[in-house]
Amino acid sequence: MIKFFRKIRYGLMEKNKTGKYFKYAIGEIVLVVIGILIALQINNWNENRKGNAQEQAYYQLLLDEIKQDKEQITKLKATNQNRIKNINEALREIQREKPRTLAFGQKWLRSNRQHTNIFQPNDAAYSDIKSSGKLNIIKDKIVTKALNAYFTNITNYTEVILTNVNLVDKHYDKLETWFDTGVYQAYLSDPKRNYIFEEDVKTQLLTDMPEYISEINKQKLYDIVITFSLIIARRAELITLIEKEVDIMYEILEKKCTTND
């Protein structure tokens, strides 16, 4: 097209038609400018399309991780509920006039199983966005604000849980001996855990260990179990709060993924 106008312009110059020559020259300049503007517009459109695609990809990655968080919460709730059941069984045993070491130890160990496990949010995608300086890719400020609040609140809740775990551990210091708490007896009766002892050693250990919890340790264990039960009740509340945070974040991200499909 430009070559076509150039031929016309040269023809007008040869024919000494200056007025028409300037008109065609201006037209040629206008065409070049329009071409540049169109090229810039196409380039901007491509860049925006790439940016939108990357933003959408991050939304999907974040949503996938929130789904994993939901699964983790479901497991933690089930574990905590089972822990509460075993705590009640341990309390019933320690409330007996003569608590049996083995019966108490088995129930107590089951209630303590995985008690140091806490909720750990999946944050690989969010960390990648922040560390790579691509947070501006998420154009929706509601989403970035929600993500910041999500990880901040989760951190606060899990810190409370960890503090409570340490509180329980300190209560164990009240015990001068574990010999009649039932913990050793429970380990010895568990085939998955007593493999370290040879049969004759294990038999003698079971013979030497008392059948009942002493009165001194009974009171101390009673105190420890009650403390632990209150802490587990608090953990149930915190897990519920964490679940609400997960649900809020899930709803926001699911909406972003759905509306951008």
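Buried means under 20% relative accessible area, exposed means over 50%, and partly exposed lies in between, with a 1.4 Å probe and protein chains only. By that definition Ile137, with a relative accessible area of 14%, is buried. The model is a predicted one, in which local features need pLDDT of at least 70, side-chain atom pairs count only at pLDDT 80 or more, and totals for chains, interfaces and linings use all residues. Residues are numbered from 1 along each chain as its sequence is written, and side-chain values use heavy atoms, with hydrogens and water left out.

**Overall architecture**

- The protein contains eight helices and zero strands; helices (H or I, at least four residues) and strands (E, at least two) are DSSP runs numbered from the N terminus.
- Read from the N terminus, the order of elements is α-α-α-α-α-α-α-α.
- Of the 261 residues in the protein, 35% are classed as buried.
- Contact means heavy atoms within 4.5 Å; among contacts between residues at least 6 apart in sequence, 84% join residues at least 24 apart.

**Confidence**

- The mean pLDDT (the predictor's confidence in each residue, from 0 to 100) is 83 for the protein, and 80% of the residues score at least 70.
- Among the elements, helix H1 (residues 2-14) has the lowest mean pLDDT, 52, while helix H8 (residues 215-259) has the highest, 93.

**Buried positions**

- Ile137 belongs to the loop between helix H4 (124-131) and helix H5 (141-171).
- The C-alpha atom of Ile137 is separated by 9.9 Å from that of Ala53, although the two residues are 84 apart along the chain.
- Asn164 is part of helix H5 and is buried, its relative accessible area being 16%.
- Apart from its neighbours within four places in sequence, Asn164 is in contact with Ile231 and Arg234.

**Surface**

- The accessible surface of the protein, by the Shrake-Rupley method with a 1.4 Å probe, amounts to about 16400 Å², and carbon and sulfur atoms account for 56% of this.
- A nonpolar surface patch is formed by Tyr195, Ile196, Phe197 and Val201, which together have about 450 Å² of accessible area.
- Patches consist of residues with over 30% relative accessible area and no salt bridge, with like charges joined within 9 Å and nonpolar side chains (Val, Leu, Ile, Met, Phe, Trp, Tyr) within 5 Å; a salt bridge is a side-chain nitrogen of Lys or Arg within 4 Å of a carboxyl oxygen of Asp or Glu.
- Phe197 sits in the loop between helix H6 (183-188) and helix H7 (199-208), and its relative accessible area of 35% makes Phe197 partly exposed.
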